[in-house]
Amino acid sequence: MEFRNLKAQYRFLKQEIDDAIAGVLESGRFIGGPEVDSLEHELAAYVGAKHCVSCGNGTDALQLALMAWGIGSGDAVIVPDFTFFSSGEVVSAVGATPVFVDVLEETFNIDPALIAPACEFARKNGLNPKAVVAVDLFGQPADYPKIQQICQEQGILLLEDGAQGFGGAIDGKHACSFGDISTTSFFPAKPLGCYGDGGAVFTDNDEWAELLRSYAVHGKGSMKYDNVRVGMNSRLDTIQAAILRVKLRAFVDHELDDVNERAAWYGELLAWSNLGLPSLQNGFTSSWAQYTVVLPQDVDRADLQNHMRDYAAPTNVYYPKPMHEQPAFAGRSLVLPCPVTERLYKTVLSLPMGPYLSVDELRAVVQALPL
Ligand SMILES: Cc1ncc(COP(=O)(O)O)c(C=O)c1O
């Protein structure tokens, strides 16, 4: 069994994907071009954002947003302590200081009530709080109705890290449309993944969209060889765009429904267990980038993973370390107390998940759990 069954997805979409790749090879156009333009339009329309700027990966997407906002030295950016490294890495990469705050036990997402205290804490430390990176961890959007209001009150910008959130929604409004700028990743195992690296940035703001396009292509000005700012080289390959166009159709057509069906099956089959099951806020839907359960504190997680492996059921730990304990942030970050993260990183376990996980595989995972 695969942790995320990308081979089954390829078998299902093989003809269309092979044709799409062949089309690009025959066109001789490997960077930019109509495939990339069309994908950007399709993604923007799906998400409900005015602009989509594709780029090299989800990490660059986040960094491009911070660059477009001119965030740098002396600025603070609030980041959840329980997330993938990139969400905070980009803050340091532009010279700003991440301020790590705790998440909510029920959703794994940033606790909105901690944003204002984190701004205060940053100011006390001589920094200018400029933005919050809210992460849609494991596929459920963060609590944007609350976060947006707090950002307005604090006068800070909202960056939605939708790397795992693409396809989720709040009251029908899609993830990657909640931030002043929002981003996603097309890493292969993500809800919408390509066959390599890829990412995208979304915004309704015309000026930021132009800056994003400039920073993503060496700070270009009116034309490619007019470089008006120092940027980066971060583009989505045409082949990846062609693959993503096929996959986006399947995602919208059935994959998102299928993965939600599997989440419901897990929920039913594990209802009897002593595991903490993922829960959705009222009106929120998830794209189930991960199906993550919380183990009782007395369970030896490594033993359990070995046991599951013996039953051919792969598991993963997302994430085994809080951000504030990452050596890379030592001496260049601030942190508020994070008791929830301190518990979660020791007890979370992600189970095989995805729209192509078969009923038999899912049953086998549940049977392999000795709980
Ligand atoms: C929450 C989060 N943010 C950012 C990223 C970075 O995406 P990429 O791997 O495409 O750079 C990831 C990828 O794992 C992620 O999970």
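## Salt bridges

A search of the whole structure finds eleven salt bridges, a salt bridge being a side-chain nitrogen of Lys or Arg within 4 Å of a carboxyl oxygen of Asp or Glu. One of them joins the side chains of Asp 18 and Lys 14, with 2.7 Å from N to O, and both residues lie in helix H1, four residues apart, which is about one turn of the helix. Helices (H or I, at least four residues) and strands (E, at least two) are DSSP runs, numbered from the N terminus.

## Basis of the model

This is a predicted model, in which local features need pLDDT of at least 70 and side-chain atom pairs count only at pLDDT 80 or more, while totals for chains, interfaces and linings use all residues. Residues are numbered from 1 along each chain as its sequence is written, and side-chain values use heavy atoms, with hydrogens and water left out.

## Domains and their interface

The protein is divided into domain 1 (6-101 + 109-247) and domain 2 (254-368), with bounds that come from an automatic or database domain assignment. The C-alpha centres of domain 1 and domain 2 lie 24 Å apart. To the contact, domain 1 gives 46 residues and domain 2 gives 34 residues, where contact means heavy atoms within 4.5 Å.

Between them, domain 1 and domain 2 bury about 3,200 Å², 63% of it on carbon and sulfur atoms; buried area is the accessible area (1.4 Å probe) that two parts lose on being put together, summed over both. On the side of domain 1 that touches domain 2, the elements that give two or more residues are helix H1 (6-27), strand S2 (75-80), helix H4 (86-93), strand S3 (97-101), helix H5 (115-124) and strand S6 (169-170), and the largest share, five residues, comes from S3. The count of salt bridges between domain 1 and domain 2 is zero.

## Aromatic pairs

The whole structure holds 18 aromatic pairs, counted for rings of Phe, Tyr and Trp (its six-membered ring) whose centres lie within 6.5 Å, with planes under 30 degrees apart taken as stacked, over 60 as edge-to-face and the rest as tilted. Among them, Tyr 46 and Phe 251 are edge-to-face, at 6.3 Å centre to centre and 80° between the planes. Tyr 46 lies in helix H2 (residues 34-47) and Phe 251 in helix H8 (residues 238-269), so this pair ties together parts that are 205 residues apart in sequence.

## Backbone details

A cis peptide bond, with omega about 10°, joins Tyr 318 and Tyr 319, and Tyr 319 lies in the loop between helix H9 (301-310) and strand S12 (334-335). His 218, a residue other than glycine, has a positive phi near 55° and is found in the loop between helix H7 (206-216) and H8.
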